[in-house]
Amino acid sequence: MDIKESKKKELLFFLCIIAFGFLYDWKWFGSRISEENLAYYTINYKAGFCPGGFMGTFIGALHRIHPLGDYMMSVYFWAKVGLFLYLFLGILFLWMVYQKGKEKGYKDVPAAILGMCVVLIPMFQLESNFGSMDMYLMIVTLLSFILLLWERFEWLVPLLAVIGVCIHPAFIYRLLPLLCYFILQKKDRFKIGVATVVGSVAVFIVSQIKASVLMEHRDYFYLFCLDGNDQKLRIINMVLFVFFMLPLISMGCSILKRKNEKVFRFLICASVVLVFFDVGLKNNPGLAAYYLLVQGSFLVLMEVILTEEGAFSFRKSMKLHAWALEGKQNYFWLIYPLLFMPFKTHSICIFLDKLIRLFTGALGV
Amino acid sequence: MNQEKKRQQQFIFATLLLTGILFVANYAGVVNKYNATILSLNYNYGFICRGLIGTLYHGLDVILPMDLLNYNMVIRFYFVTTLLFFALMLYFGVSCYKDSTAESRNRVVFLVLLLFCVIAPSFSAEYNFGRIDMFMIICSILGVLCILKRKLEFLVVPLGMAGVMFHEGYVLMYLNIILVLLFYRWMSGEKKYAFLFGATLLGASVLFLYFHFFSFSEGEDILREVTLNARRLCDKGTYHISLVQAEILGVDLGETEVIYHLRNLIEFPCFVIFTIPLWFPLVRFFIKLLKRGRTIQDKLKYLALAVGSFTLLPDFLFKVDYGRWILAMIVYYIVVLLFIHGQKDELALKCLNEVEPKGSYRYLYWIFAMGYMLCLTPFADVSIDILMGRTSGILNKYIFHFWIE
């Protein structure tokens, strides 16, 4: 009876996640791809191995095999498929994490999953994000995570990482550190970790060299390249975002500080700093906010399911930081990011936009 | 004791944070022409329908040493009243929190947060910012506070009447909250509430009938003055013509609303399906409660709590603002649940405990409910919300073909 009841709860829990995903998708679906995102689909490998040409080549090939009207219509269709795949893989990943946590008997896994779900789901539906390369980067990453959790076909992970770099070279610092962190949680996966890093870096270097020969391209490591009011606005956006996320940051830090893995911590910190400066200040603060939350919630989720110590510190942190009543845990902060979502591109979200406008208006700036 | 105070402060902080973010995110800094035009109706033109808010506004104009009769001041007026409204709702939430049992306080916190997930975006967004419904809710919540605190209870009668003076639709939309709670107390064996129940119902009904049948008698005479006044209060002088026609001249706009009825016909079933996770536990709770009631009085009072929102049925059948009706229904059930906690109704709390998921899922359910609400809000009027508007658009385009976009 108990097992049946628990299965029912599990099912209901995931049905709720699916319903939530559907509702959010339906509400915010932009139904067109912005010109900025569309531009990436015009880059392909016809002229050589240039960075960011993978999706253009791949969808171009699909278009040739099975044309759906003109090329733009094909791009739109496959972007929709990509969005569906992203949501499907996200929920599948959460399901696998749930099963893993259940095996180990950690009671807080559903809460950590909910936190992750709130960050994962409401992102790529919005017009400014729909069909962006980052959606495919996340698909690749989620697929890798699923394989690592499943503990089968792990040899595919380096290949997926290479595809990630081919889709967008920024994969190397946006998601690769996180992937490495997950791979190297098990000592017997060291070779896979090395192959992933070496493969990705090699492809990155080759594509950059080719790019410098083939065409003028954006220098992905050229930080602080913009000036003027846009730059100031981005800085204010990012600073305000960090300020509003302080409760979550302090929770995350208190969960992660127990880990004694300096190398990984350095990698993740480097990734966070690069995302903050490059993506956040240079071109896309909304995306930076998304990546920062994804990195944070992935790490916490991994901590919770992989170690008892992590699960314990999560529980303790929830008690410390949420307004815990009667010794029980409350999860207000888990839904907190949802108040800011969906994230946009050139600014983080509607709330911060309006807040900045309010202050600048009041101060007469 | 200190610990308890700290928890309470944390609860208030969380509610303020949530409300602040939702308010800023949804606030557009504009008042739509309907909500501005309504301020032009006042009792200088006789005891007319929906004239109370305009009268209060014009009264403020006389008292304050500044000219309030322009659009910018209308925005500021509604901004301040909206903030006061949120403050009152928070006070109500905190009162219920303080009065509830220690075991049920977590649920009160979530109910209050859920309430703010509904009202904060709905009354901050462009469409309903400054909507008269806000003032109607204020009347009902003040009434509920009087009943809950057992102080100045006689005020429920004038509050009920004031609600009708704000908008005659109050009788169907929000008066039910006060009436149901008075009935609840009456059935709990406190006879004086029978009188208050009767007086509130009578007062509100008389006013409703008056506004419905007699308040348009001098319509033609005052029309010119009202429209002049409305032009001053609205953005760029464009006022809401239908509102003036309907409320001053008594013109029946029913024929123009056929298309809206069709829209409602598609949206409402979709909304019911989409919100199954929200209303299903509520139905289970009330069924359980009705089964457990020992005496006839118990069963009657719980039945009243369960079906009190059905006063909205005529609105659902004959009117088109489904977004507002649904908002009224949600507010009704959350306020009733909060009242049950403040009242410490043991049987109801026991049934709530049984209906709620157990263990850590209990809190996750509330988080989901909040997430759901955030998806569904802000509520509008004819179209329930963005989500339903989109759904009905697609269904109409591919299946029903009721209207051409």
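**Note on the predicted model: chain B and its contacts**

1. Leaving aside neighbours within four places in sequence, Asn42(B) is in contact with Gly51(B), Gly54(B), Thr55(B) and His58(B); two residues are in contact if their C-beta atoms, placed from the backbone, lie within 7 Å. The model is predicted: local features need pLDDT of at least 70, side-chain atom pairs count only at pLDDT 80 or more, and totals for chains, interfaces and linings use all residues. Residues are numbered from 1 along each chain as its sequence is written, with chains lettered from A and ligands numbered from 1 in the order in which they are written.

2. Asn42(B) lies in the loop between α2 (33–37) and α3 (52–63) of chain B. Helices (H or I, at least four residues) are DSSP runs, numbered from the N terminus. Asn42(B) is buried because 21 other C-beta atoms lie within 10 Å, the cut-off being 20 or more. Its C-alpha atom and that of Tyr57(B), 15 residues apart along the chain, are separated by 8.7 Å.

3. Chain B is divided into domain 1 (8–130), domain 2 (131–215) and domain 3 (252–405), with bounds from an automatic or database domain assignment.

4. The axes of α14 (residues 276–292) and α15 (residues 296–307) of chain B come within 8 Å and cross at roughly 165°; the axes are lines fitted to C-alpha atoms over the stretch in contact, with angles from 0 to 180 degrees between N-to-C directions. The two helices are therefore roughly antiparallel, a term for angles over 145 degrees. Phe286(B), Leu289(B) and Leu290(B) in α14(B) meet Lys299(B), Tyr302(B), Leu303(B) and Ala306(B) in α15(B). This contact has six nonpolar, no polar and one charged residues.

5. The contact between the chains takes 30 residues from chain B and 31 residues from chain A. On the chain B side, α1 (2–26), α5 (105–124), α19 (361–376) and α20 (386–400) give two or more residues. The largest share, 10 residues, comes from α19(B). The chain B side divides into 23 nonpolar, four polar and three charged residues.

Notes:
Parallel < 35°, antiparallel > 145°, perpendicular 65-115°, else oblique. Nonpolar A, V, L, I, M, F, W, Y, C, P; charged D, E, K, R; others polar. Buried ≥ 20, exposed ≤ 12 C-beta atoms within 10 Å, placed from the backbone.
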